[in-house]
Amino acid sequence: MVSTSTPSGLPRSPVPTPRSSFVFALGQSGAEPALRAELLSHGLSPAFGRDGFVSAKSTQPIGVDELPAMVLGRRVCLSLGKRADVDVAALVNDTDAVVHHEHGDGDGAGGRGPFLKAGDEGRLVITLVDRAGGSFVGLHRHRAGLSPDPGGDARLVVPSTSPSRAWLKVEEAARLVELPIVPGDAVIEVGSSPGGQTRALLDRGCVVVGIDPNAMDDGILREPRFRHVQESARHVDTTQLRAMVAGPARLLVVDVNQRPMAALSSVASIIAANRGDLRGGLFTLKLGDWALLSELPAWRSRIEGLFGPGTTTVAFQLPANRVEVTVFARRPG
Ligand SMILES: C[S@@+](CC[C@H](N)C(=O)[O-])C[C@H]1O[C@@H](n2cnc3c(N)ncnc32)[C@H](O)[C@@H]1O
């Protein structure tokens with residue numbers, strides 16, 4: 001921790017947190033134009049972008065608590081400049097910041113840096129980024145809802161028991177938001193084939209009803225806590241579904257290859273029939289084209305309307321997402 005007194009015992013004057021006119025965001029490689037457009041929507045002038053790194057300039061210096069909240073930026077930092085020009089050791093000494101290396105090897109000390117934990121909210125984080133254009137030093141303040149992981153990516157590895165990489169969508173989302181499930185809870189999963197997300201939910205102890213006209217992986221079908229409804233969500237008999245779900249369904253997971261508004265229409269009656277029980281929803285929305293991101297506010301309000309009064313949503317892009325965004329809805333209660 002930073003000492004609050006000088007060697008003479010006199011109180012140390014508080015160290016001002018640096019301010020900067022530059023910001024950088026880390027996101028998906030290939031999504032730089034969309035990242036740029038999002039930074040522009042926050043009144044910043046994007047400077048350059050490459051390999052999932054986009055820098056931007058604000059009209060006046062800002063502090064870490066004025067950084068924009070982004071959907072596509074999985075790490076958004078005040079840019080303190082090139083690494084050669086910043087005394088990182090002094091900054092750590094002055095501010096007790098944690099150091100994350102976006103591209104380090106391994107985890108923990110000497111590698112990518114520590115994964116942040118509960119209780120680390122408010123802590124300053126220095127992010128070191130290496131690109132062909134140079135190495136940069138970023139600074140942000142950790143808070144609930146931001147990734148605790150270096151560079152915003154835990155680099156989770158899909159277990160061999162998972163039939164698809166969609167396992168990551170549950171596990172990466174769980175690092176950003178608190179999924180409203182405990183072992184024994186029932187989950188309705190729409191677009192469950194072949195079963196990557198199902199595997200994650202089963203391993204979290206849930207009882208899962210998967211709805212998908214496509215076949216499920218054999219290993220998932222053998223699980224006693226899994227039931228498959230092999231049809232489109234549009235045609236599901238919601239009374240029969242409620243009878244199949246063991247106990248109140250607490251979470252709805254949606255990952256269908258339909259346009260977002262069509263996907264939300266497909267699950268509308270399922271949400272309506274289970275609204276009183278559901279505590280949340282985890283939606284993978286497939287854009288296909290980044291230009292569609294401008295419709296995200298409409299998708300979020302549709303989800304909030306379906307889940308009912310008091311529902312809040314957050315949107316983010318997970319490392320596992322392709323041209324997709326994830327929306328998490330939380331229902332009060
Ligand atoms: C990306 S895959 C889902 C991957 C899956 N979540 C996993 O974890 O392995 C999309 C799935 O959505 C299903 N799907 C598309 N429209 C659907 C609908 N209206 N109801 C149910 N499933 C649907 C498709 O059959 C397909 O299997």
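This is a predicted model: local features need pLDDT of at least 70, side-chain atom pairs count only at pLDDT 80 or more; totals for chains, interfaces and linings use all residues.
User: What makes methionine 70 count as buried or exposed?
Analyst: A residue is buried if 20 or more other C-beta atoms, placed from the backbone, lie within 10 Å of its own, exposed if 12 or fewer, and partly exposed in between. Methionine 70 has 21 other C-beta atoms within 10 Å, so methionine 70 is buried. Methionine 70 lies in the loop between strand S3 (53-62) and strand S4 (75-82), strands being DSSP runs of E of at least two residues and helices runs of H or I of at least four, numbered from the N terminus.

User: Which residues is methionine 70 in contact with, leaving aside its neighbours within four places in sequence?
Analyst: They are Ala25, Glu38 and Val76, where contact means that the C-beta atoms, placed from the backbone, lie within 7 Å. Methionine 70 and alanine 315 are 245 residues apart in sequence, with 8.6 Å between their C-alpha atoms.

User: Why is helix H3 called largely enclosed?
Analyst: Of the 10 residues of helix H3 (residues 167-176), 8 are buried, so the helix is largely enclosed by the rest of the structure. Among the buried residues are Trp167, Val170 and Leu176, and the buried residues of H3 pack against helix H4 (196-203) and strands S12 (280-286), S13 (312-316) and S14 (324-330).

User: How do you know that H3 is oblique to H4?
Analyst: H3 and H4 pack at an angle of about 50°, with their axes 5 Å apart, the axes being lines fitted to C-alpha atoms over the stretch in contact and the angles running from 0 to 180 degrees between N-to-C directions. Angles under 35 degrees count as roughly parallel, over 145 as roughly antiparallel, 65 to 115 as roughly perpendicular and the rest as oblique, so H3 is oblique to H4.

User: What makes a group of residues a nonpolar core, and which have the most contacts inside the largest?
Analyst: A nonpolar core is a set of buried Ala, Val, Leu, Ile, Met, Phe, Trp, Tyr and Cys residues joined through C-beta atoms within 7 Å. The largest has 54 residues, and Val187, Leu252, Val267, Ile270 and Val327 have the most contacts inside it. Another core, of 31 residues, lies apart from it and includes Phe24 and Cys77.

Notes: Residues are numbered from 1 along each chain as its sequence is written. Two residues are in contact if their C-beta atoms, placed from the backbone, lie within 7 Å.
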